Amino acid sequence: MQKYRCTVCGYIYDPAVGDSANGIQPGMAFEALPNTWVCPECGVAKDMFEKI
Amino acid sequence: MPGFEIKQGIYWVGAVDWNIRNFHGHTYTTNRGTTYNAYLILDDKITLVDAVYTPFAGELIEKIKGIVPVEKIDYIVVNHIEVDHSGALPALLKLCPKAKLFGTAKCKEGLFRQYYENWDFQVVKTGDKLALGRRALSFIEAPMIHWPDSMFSYCPEEGLLLPNDAFGQHYATSERFDDEADACELMDEAAKYYGNILWPLSSVIAKKIEEIQKMNIPIKMIAPSHGIIWRKDPVKIINAYLSWTKNETKRKAVIVYETMWGATAKMARIIAQGLIDKGIEVRLFDAAVSDRSEVIKEMLDAKGFIIGSSTHDNDMLTSLAGFLEFLKGLSPKNRIAAAFGSFGWAGGAVKSIETLLKAAGIELAVPSLSVKYMPDENEIKSCYQLGVDFADKI
């Protein structure tokens with residue numbers, strides 16, 4: 001599945017890993033993340049991410 | 001020594017750091033010093049918004065004591081954990097141990113990692129309101145303006161925005177307000193702050209300003225955590241920020257170079273003349289002897305960057321290399337560039353400059369120019385022509 005990078009801090013969202021600190025299980029596609037989800041490192045919104 | 005009343009019942013209790021000359025380590029020159037602005041709100045709940053840098057804790061405490069006994073502080077709002085705003089908290093909280101702290105989740109986490117104290121801390125989010133009595137404070141999370149923990153506080157009853165580092169300036173003055181300070185120096189320092197600290201966060205800042213404008217809240221005064229308070233014309237700094245977030249530029253070029261025996265410097269001056277003769281505003285800096293923070297400030301509104309270096313060990317010189325790395329981190333958008341330099345044998349500097357500019361996403365608008373040893377008559381003409389051609393692209 002497609003990885004996405006935070007354009008502000010460089011954090012990479014990897015669907016294979018998810019984001020356990022925010023209750024996102026492995027296997028969740030970036031597109032399926034809720035709009036309230038923010039970068040776990042720097043806190044910016046989903047629209048600040050780009051495909052890598 | 002009481003603080004200074006900025007609105008009825010709201011006091012500036014900060015500190016003026018007249019002599020600081022380097023900030024964030026040595027990443028930012030504070031040639032005009034700075035201030036650490038903290039604000040005390042007298043209401044049913046005595047509330048301090050932000051604190052000051054560690055060495056000024058005593059001054060903060062004395063100022064508060066001049067207004068109200070320190071142990072009477074009920075609430076402390078921590079808009080940002082950075083040490084220049086939180087450093088005084090350990091000393092202060094010893095005197096008001098029952099005070100409750102408010103900040104974002106990232107603030108709570110960061111504050112603990114900074115001081116390892118288990119202070120009474122309540123996490124707040126955008127839209128949360130804290131009743132103080134006659135007034136309230138509402139909170140707006142502002143991640144990456146300019147740290148993950150950053151937050152703005154807003155007092156609707158006063159139309160007062162307390163945005164911490166946003167809209168601030170490193171500018172030590174005896175005056176507290178925009179209508180009292182020198183207007184040119186004030187905007188100069190605001191631009192320097194934006195260029196050196198906030199520039200890479202432009203897209204985040206643009207969104208946040210839009211979000212606040214949509215809230216349709218009256219902003220009569222903006223009281224940042226550094227420098228002058230905007231009371232006469234808060235819209236002026238908001239509009240300046242909007243322009244900077246859009247990377248709007250002027251017909252201006254900044255030439256930055258480093259030279260060994262003067263050939264690259266000579267090229268730089270001739271290129272500059274080509275630009276000047278075409279009516280372009282030009283700034284020229286030798287990276288080895290110039291104040292990097294000031295150069296960046298000049299680049300903030302310049303369309304063109306022209307970068308040159310002699311070749312040393314098959315590469316560009318080190319002051320320029322450090323400068324370009326810093327510039328790349330600032331992610332300037334909507335700019336054009338050119339590279340030039342002199343060499344003795346194999347060369348290498350110009351290629352390295354091109355590579356770094358491309359990596360920074362800056363378009364090379366004209367072919368680069370390399371010269372062996374000193375430029376001859378034809379190469380002098382080529383330098384001048386580079387300036388002219390670059391001017392046409394601006």
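Predicted model: local features only at pLDDT ≥ 70, side-chain atom pairs only at ≥ 80, totals over all residues.
Is Thr173(B) buried or exposed, and what is its relative accessible area?

Residues are numbered from 1 along each chain as its sequence is written, chains are lettered from A and ligands numbered from 1 in the order in which they are written, and side-chain values use heavy atoms, with hydrogens and water left out.

Now to the residue I opened with. Thr173(B) is buried, with a relative accessible area of 5%, where buried means under 20% relative accessible area, exposed over 50%, and partly exposed in between, using a 1.4 Å probe and protein chains only. Thr173(B) sits in the loop between strand S15 (160-162) and helix H5 (183-198) of chain B; helices (H or I, at least four residues) and strands (E, at least two) are DSSP runs, numbered from the N terminus. Once neighbours within four places in sequence are set aside, Thr173(B) is in contact with Val16(B), Trp18(B), Thr35(B) and Ile228(B), contact meaning heavy atoms within 4.5 Å.

Let me step back to chain B as a whole. Chain B has 12 helices and 22 strands, and its C-alpha atoms fill a box of roughly 80 × 40 × 35 Å along the principal axes. Of its 394 residues, 58% are buried, and among the contacts in chain B with a separation of 6 or more, 72% come from residues 24 or more positions apart.

Which strands pair with S20(B)? One of them is strand S19 (residues 302-309) of chain B, which runs parallel to S20(B) and is joined to it by 5 bridges, two strands being paired if DSSP finds at least two bridges between them. In that pairing, Gly304(B) has Ile336(B) as its bridge partner. S20(B) is also joined by 4 bridges to strand S22 (residues 369-372) of chain B, again parallel, and there the partner of Phe340(B) is Leu369(B). A further 2 bridges join S20(B) to strand S21 (residues 363-364) of chain B, also parallel, with Ile336(B) standing opposite Glu363(B). The chain crosses from S20(B) to S21(B) through helix H11 (residues 349-359) of chain B, and this β-α-β crossover is right-handed, which is to say that, with the strands pointing away from the viewer, the path from the first strand over the helix to the second runs clockwise. S19(B), helix H10 (residues 318-329) of chain B and S20(B) likewise make a right-handed β-α-β unit.

Finally, a few words on chain A. Here 3 strands form an open antiparallel sheet in the order S2-S1-S3. Strand S2 (12-13) and strand S3 (49-51) of chain A stand at the edges, each with a single partner strand, so one side of each has no neighbour in the sheet. Strand S1 (residues 4-6) of chain A is joined to S2(A) by 2 bridges, and Arg5(A) has Ile12(A) as its bridge partner. Chain A averages a pLDDT of 94, with 100% of the residues scoring at least 70; pLDDT is the predictor's confidence in each residue, from 0 to 100.
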